[in-house]
Amino acid sequence: MQRWIYHQTCGKKSKKVTTIWTLALYLLLCITLFSITFFLFPHNSFNPINDYNVLYVEPQLNFKDCDLSKGQWIRDERGSLYTNFSCPTITDSKNCLKHGRPNTDFLFWRWKPEGCELPRFNPKAFLDLVRGKKMNFIGDSVARNHMESLLCLLSMEETPKDIYKDADDRNRIWYFRDHDFTLSTSWTKFLVAGFERTHANKTGTGIYDLDIDKIDEQWAKDLPNTDIAIVSAGHWLFRPIYIHRGDETIGCIFCNLPNMTQISLKEGFKLVFSAAFKHINGCHNCKDNLVTLLRTFSPTHFENGTWNTGGACGRTIPFRVDEISQQSSDMEIRTSQIEQVDGIKGDSLKKKKFVVLDVTRAMLMRPDGHPNSYWGNKWMKGFNDCTHWCLPGPIDAWSEFLMALLRQLR
């Protein structure tokens, strides 16, 4: 479009030129202007759509008539709000396009709930909504994945300041000074206290012991300073785990040992999340109006194997609703998690609020959104990542869910 404008401008002016030298000067000027435009604003088929700074209209969402978790992915040619070039904070392992992912179709889909319109994410409106607040993502690396997605979205409005990183780069704190908003992570495998058993040579066995009477100290320490807590975990439970309540051994997940109570994965999720929400509800030194959101389980999409047996996720388009199972183990886990929120709501103290950020069904339909082999891990060649999500990618929709829920709580 810019090239057309310059050529039209040059064409009109050239009609008035009566000498060859003047015409040459005008042509030189046109070429110079075009070159400056091209290099300062290079064409990029993934340029972000900067519609976040238009007049924001209050979303009309009535949750009695609209379940955000039910819907379908529809084609959206606008693409994402940011690119893997425009967001400088993308973790290298989530930068799929940088590592050679050849197709970009996964960027051009939006979640459309049944019965309503989910507003497109608006960074300016979100930052105004959380002004003066502290938001903490409590969970594993997928929780961190969500935080990084939100960080990229918000960076389109204000550049955050990186104010803390621990030695393992697991716990991070970012500060948006213009809005006095703090975004952070509290990394935890299980939410409750967990310890890996070791061999005699101190190497890990992959077998864990959990105590549901004790909360992981890291996020428990951070909770009193939190206004909005987004709680999620789960992928670390897919291994042999002994579950204890203090000195009492309740049973084991994936153990199949004689004289040992077998605990299903669904029951294991129930015990862990029930303990976490009871701790939050009973936190007397936490803020009275603390908002806790459960982000439901994020499914993996390994096909033809698991992560360490050659499993991959090379699909390039979303599933339709009729292509996923509503009775899958992922949906069972989601239901177990939601039941723990429903069980705590009636006992919530003072002004504490518990809300469900339900993404499981939507993400079951996105087998195309994972890094797969395009995650740049040179130490794990041959292993594919079908657990985390590319940035930009379908995980950006989680922040649209989040914003809609927070606006409902105002």
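Mentor: Let's begin with phenylalanine 297, which counts as buried at 3% relative accessibility. Buried means under 20% relative accessible area, exposed over 50%, and partly exposed in between (1.4 Å probe, protein chains only). This is a predicted model, where local features need pLDDT of at least 70 and side-chain atom pairs count only at pLDDT 80 or more, while totals for chains, interfaces and linings use all residues. Residues are numbered from 1 along each chain as its sequence is written, and side-chain values use heavy atoms, leaving out hydrogens and water.

Trainee: Okay, and how many aromatic pairs does the structure hold?

Mentor: There are 13 aromatic pairs. Rings of Phe, Tyr and Trp (its six-membered ring) pair if their centres lie within 6.5 Å; planes under 30 degrees apart are stacked, over 60 edge-to-face, and the rest tilted. Phenylalanine 297 makes a stacked pair with phenylalanine 238, with 5.9 Å between centres and 25° between planes.

Trainee: Where do those two sit in the chain?

Mentor: Phenylalanine 238 is in the loop between β9 (228–231) and β10, and phenylalanine 297 is in the loop between β12 (291–295) and α7 (329–345), so the pair links parts 59 residues apart. Those labels are DSSP runs numbered from the N terminus: helices are H or I with at least four residues, strands E with at least two.

Trainee: What about tryptophan 307 and phenylalanine 383?

Mentor: They form a tilted pair, 5.6 Å centre to centre and 40° between the planes. Tryptophan 307 lies in the loop between β12 and α7, and phenylalanine 383 in the loop between α8 (360–364) and α9 (397–408), so their pair ties together parts 76 residues apart in sequence. Tryptophan 307 is partly exposed at 45%, and phenylalanine 383 is partly exposed at 29%.

Trainee: Switching topic: what does histidine 179 touch?

Mentor: Not counting residues up to four places away in sequence, histidine 179 touches Leu127, Asp128, Arg131, Gly132 and Glu158, where contact means heavy atoms within 4.5 Å. Histidine 179 is in the loop between β5 (172–176) and β6 (181–187) and is buried, at 8%.

Trainee: Last one: what's the strand order in the open sheet of 4 strands?

Mentor: The order is β7-β8-β10-β11, with mixed pairing; two strands pair if DSSP finds at least two bridges between them. β7 (192–198) and β11 (248–253) are at the edges with a single partner strand each, so one side of each has no neighbour in the sheet. β10 (residues 241–245) and β11 run antiparallel, joined by 5 bridges, and histidine 244 has threonine 249 in β11 as its bridge partner.
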